[in-house]
Amino acid sequence: MAEINKSISFDGRDIRLKVGLLAPQAGGSVLIESGETSVLVTATRAKGRDGIDFLPLLVDYEERLYAAGRIPGGFWRREGKPPEKVTLTCRLIDRPMRPLFPSWLRDDIQIVATTMSLDELVPPDVLAVTGASIATLLAKIPFGGPMAAVRVGLVGDDFIINPTYREIEIGDLDLVVAGSPEGVIMVEAGANQLPEQDIIEAIDFGYEAVRDLIQAQRELIAELGIEIVTEEPPVVDTTLENFIADQVTKPVQLILAKGEPDKKTRDMALDEVKAEVVTAIGELPETDPIAVAAAANSRIVDGLFKSVTKKLMRQQIIEQGIRVDGRKLDEVRPISCQVGLLPKRVHGSGLFNRGLTQVLSICTLGTPGDAQDLADDLHPEGSKRYMHHYNMPPYSVGETKPMRSPGRREIGHGALAERALLPVLPSKEKFPYVLRVVSEVLSSNGSTSMGSVCGSTLSMMDAGVPITKPVSGAAMGLIKEGDEVRILTDIQGIEDFLGDMDFKVAGTDVGITALQMDMKIAGLPLETIAEAINKAKPARAHILGKMLESIGQPRLEMSPYAPRLLTIRIEPEFIGLVIGPGGKTIKGITEETGAKVDIEDDGTVTVSALDQEKAKRAIQMVKALTRRLNQGDVYVGRVTRIIPIGAFVEILPGKEGMIHISQLADYRVGKVEDEVGVGDEVIVKIRELDNKGRLNLTRLGISPEEAAAAREGRGE
């Protein structure tokens, strides 16, 4: 393939496309660049495997630290376990790509995006999403694209396309919008409590840029002489499908129309209908085409039964406005909340129930040293003081399977809940704690991520975290048949599985803090998205009201087992003095007081201990250690060594001065040992600081008031 370069500009920022240069054996490849950020994206297709009844799409995003001119840490000095940001970018690529592949496609498809260069201004994730579309088109894989993605920022009153890291940090919005020619297909956003209308306008602004990128892709593939592939779906014998539909349509309609609110009862009734059709097939002669087709694939009957159920459920919602559990389209399931469920050894806990979805969130307060270090992450962020982790064990859906480390779904849901709560966290100066919230999904029937947002808000308030506003969340769904569209509030599992959209919206009573929209169809117009956003607002308000019935504001007292933090700021020049050679001084403070001491580069010192008196003692030691020494200051010191002409006294950790023998007493002293011994505590005054920084001390001329003040300064 001949090398071709193409460029497109947004508000003076270019995106450059290079094809035909790299990865010639991949199905399709593109080097997509902006600024000095370069991402190589490839797409490759392999023949499908027997027995696969889904699209085996594999998306991998790779970050190499050489992209930022850095060498990895650790013993091996190479990249190891991918950071969470990498996993989230994999999901960001996968989510808008998956619905654009034909529903019948069963071939193995792998998309690999590798960040080759990063200028620490341009985030590579949205480039990788657009690059995935181009590589897929170049690989001639059946695909409903082109598809593209852009990031939208808000700085002041101005929207910005593909903002820099700095603009994202100072702005009030970080929104990624992906779209196809059919409309918006994915939205991912964090916002600083923005009104619904601002979010809608941002999505519209972003989709305009998406359209330009889609057109650039069309021009590129036309220039290469490549046509968008539209393979015909395989011919399927519908004999078995028709037989199952005839057998189950009427009984399934009756079950769905009943509006049974209990999921277990409804599922049991549907399982009985499915068992009856399996029995009916089993009674047919083995040579019957229906029996032959069913025997060819053990899972085909289950799949066809789900297809019929999906069709009938959607039909009932469109035609009658009735949901399977009997709710109205805009009705939220019953909600109950509880705080302080766990003993106070746990710093804060919140239990959130919505229908059959149950999430228990636990908040833990940590010290600055507990912050997550992101040193081996490619991106500029150095550490995190708030971490949200999400766990969904198999028993939450009544299943059994091996429990492994968190998967992409768990990481994604945790990141969404984390993003939803970030805007309401107190500042580090006001509340210096590091926060970790863990959401344990104990029962799942839809919208566990928004349940995690609600449960985590409750757990933080229970822990005494002074959040500025409580946050609630709701998941919206969609059924679209032709021109008929129905928006569903607070979707449950079956509506998520059989519907066309999962749109999660979280926020306060002021505005939106996070949202995430995923589609199962090729795209939606902005009007439908706006309707979903606006209909989520009363649902969030209703849920928030139920939450506040259990706890109206953050507790004023923290758990007695939470660490007590005290913070002071010292001059950065004293940091080395507090740490001491090899950490000797700071370790000494910890050993003497039992408190933990953390020091940041700007001179912020945070002392933590379960006993606040121990923390105060450590703070006093740090203050004394960093106090500027002045002639005439009085200290309580300890004799460290004796020489014939005097004694050395440590007045502060690491700070010694000498008392000349003539300054030990107001009379003539024969031997130093006659007055003081090693280890003795003495009260001394700074007589002189010479030009070499040496301290000359005296025991003379110290008033009783000065001595008392010195002892009080040591906390005695």
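Two strands are said to pair if DSSP finds at least two bridges between them. Helices (H or I, at least four residues) and strands (E, at least two) are DSSP runs, numbered from the N terminus. The model is a predicted one, in which local features need pLDDT of at least 70 and side-chain atom pairs count only at pLDDT 80 or more, while totals for chains, interfaces and linings use all residues. Residues are numbered from 1 along each chain as its sequence is written, and side-chain values use heavy atoms, with hydrogens and water left out.

**View A. Strand S20 and its partners S18 and S21.** Strand S18 (residues 472-481) runs antiparallel to S20, and seven bridges join the two. Here glycine 477 lies opposite aspartate 502 of S20. Seven bridges also connect S20 with strand S21 (residues 512-519), again antiparallel. In that pairing, aspartate 502 faces aspartate 518 of S21. A hairpin of four residues links S20 to S21.

View B. Seven of the seven residues of S20 (residues 501-507) are buried, so the strand is largely enclosed by the rest of the structure. Buried means under 20% relative accessible area (1.4 Å probe, protein chains only). Met501, Phe503, Val505 and Gly507 cover one side, and Asp502, Lys504 and Ala506 the other, all of them buried.

**View C. The largest nonpolar core.** This core has 88 residues, and Ile93, Leu175, Ile199 and Phe503 have the most contacts inside it. Helix H4 (residues 196-223) supplies its largest share, 12 residues. A nonpolar core is a set of buried Ala, Val, Leu, Ile, Met, Phe, Trp, Tyr and Cys residues joined through side-chain atoms within 4.5 Å.

Note on methods
Buried means under 20% relative accessible area, exposed over 50%, partly exposed in between (1.4 Å probe, protein chains only).
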